[in-house]
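Colleague: I'd like to learn how to read salt bridges in a model. Could you walk me through a case?

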Amino acid sequence: GERARKRRRGGGGRRFPAPRGAVLAAAGALAPGGGAARARGQLAGGLVWLAVGEAAYGALYLACLGRPAPLQWPAPPEARGVRLAPEEAFLLAHELGCLEVVDEKGGDFPMGPAQLWAALRTSDPRFPIVYTAFRHFLAKGWFVRSGLSYGVDYVLYRGHPETVHAEYAVSVQSLPPEGPAAAGVAAAATTIDEGSRGGSTFADWVQVQALVRLCGQVGKQVVVFHSRVSTRDDGEGGEDGGERAKGRNGESGGVAGAIGDAWAVPTCLERVEVREVLVGRWAPESGKAPEAPR
C-alpha cells in the first residue's frame, strides 16, 4: 500500500534531515550571506510569493516549507516559484531573519515584524493562534503541514512527508481570556473565532466526534491545541517565560496592549500559554469486563 511505498522511497539514496535542522538549512539557503542578503517575497492575497534559485527551492522542500507556485513577476529563467503560508512567511522573516516581505501595494520597503504581523492578521484573524501552534510543534521536532484535507489546521509528521504518514491531526482552539481584564478583551477575542479558516471553537460534541472518526479512519490521532496570551503581571506564563512585552510605543503589551487586543503585536508570543489535549473515541466494548470461563 501507500505506507509501504513511502517506506521504500525513504530508504533510497536521499537522506532527509530532522525538522529543526531542515528549517535552519532553508534559512541559510535563503540568506547565504548570514542575513546580509535576504530573500525577498511579496505579500498578496494573504500569502507570500517568492522567486528562488534551485538550491533554496530544494532546501524549502526538505524543510516542508512552502508550495510550488507560478512566478508572479519577471524572474531569471532558472528561478522557481514558491508560495508561503502566512505562518511560514512570518517564521522565516521574523524568527529566522532570512526573508524580507514587501506589500504588493506598499512599494519596495520591507515590512517590519509588527507591520507584517498586522497585515497577516488582516488577511486571516486566526493567524496569531495558528502561528502559535505552528511554531510550538516545529520547536518540538515535528514537520508541520496544512491539515485542510482532514478538516483540521495542521497534521504532524515524525519524518519527512515523502517517507512517512502524519501521526497527528491538530485542531487549534482559542482559550477565553483570563483575569480581571478578560471582559475588556472579549470583543477582540471574538474576532479571532471568526477567521477564514473556520471558527476556533467546536460547535458541539457531534463535531468533535465526527472529527475523531474521520481522522481515525486515516490513521491519525486528534490533538486539540489551546493557546492564549497570559494577562499576569508577574512575568510568568508563556512558552519560555520572560518579561512583560511592550508595544511599539513602549506601553505595556498586555491584554489591552496599544489597541485593546491581546494579540495586537508579535511580542505577545513571549507570554503565550499553550495546552495540548489528545482526543480519542471510547469504544464501549473495550471497557467490558471479560466473560467468565464456562
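Colleague: Let's start with Arg80: how exposed is Arg80?

Modeller: First, keep in mind that this is a predicted model. Buried means under 20% relative accessible area and exposed means over 50%, with partly exposed in between. Arg80 has a relative accessible area of 30%, so Arg80 is partly exposed.

Colleague: And which residue does Arg80 meet in a salt bridge?

Modeller: That's Glu54, with N to O at 3.0 Å. Glu54 sits in helix α3 and Arg80 in strand β4, so to speak distant parts of the chain, 26 residues apart.

Colleague: How many salt bridges does the whole structure have?

Modeller: A search finds ten. Another one joins Arg145 and Glu88, whose closest N and O atoms are 3.5 Å apart. Arg145 belongs to strand β6 and Glu88 to helix α4, so this pair ties together parts that are 57 residues apart in sequence.

Colleague: Are Arg145 and Glu88 buried or exposed?

Modeller: Both are buried.

Colleague: Where do Arg126 and Asp153 lie?

Modeller: In loops: Arg126 is between α5 and α6, and Asp153 is between β6 and β7. Their side chains meet in a salt bridge, 3.0 Å from N to O, so parts 27 residues apart in sequence get tied together.

Colleague: Which residues are linked in a network of salt bridges?

Modeller: Arg38, Arg40 and Glu100.

Technical notes
Residues numbered from 1 in each chain as written. Predicted model: local features only at pLDDT ≥ 70, side-chain atom pairs only at ≥ 80, totals over all residues. Heavy atoms only, no water. Salt bridge = Lys/Arg side-chain N within 4 Å of Asp/Glu carboxyl O. Helix = DSSP H or I, 4+ residues; strand = E, 2+ residues; numbered from the N terminus. Buried < 20%, exposed > 50% of the residue type's maximum accessible area, 1.4 Å probe, protein only.
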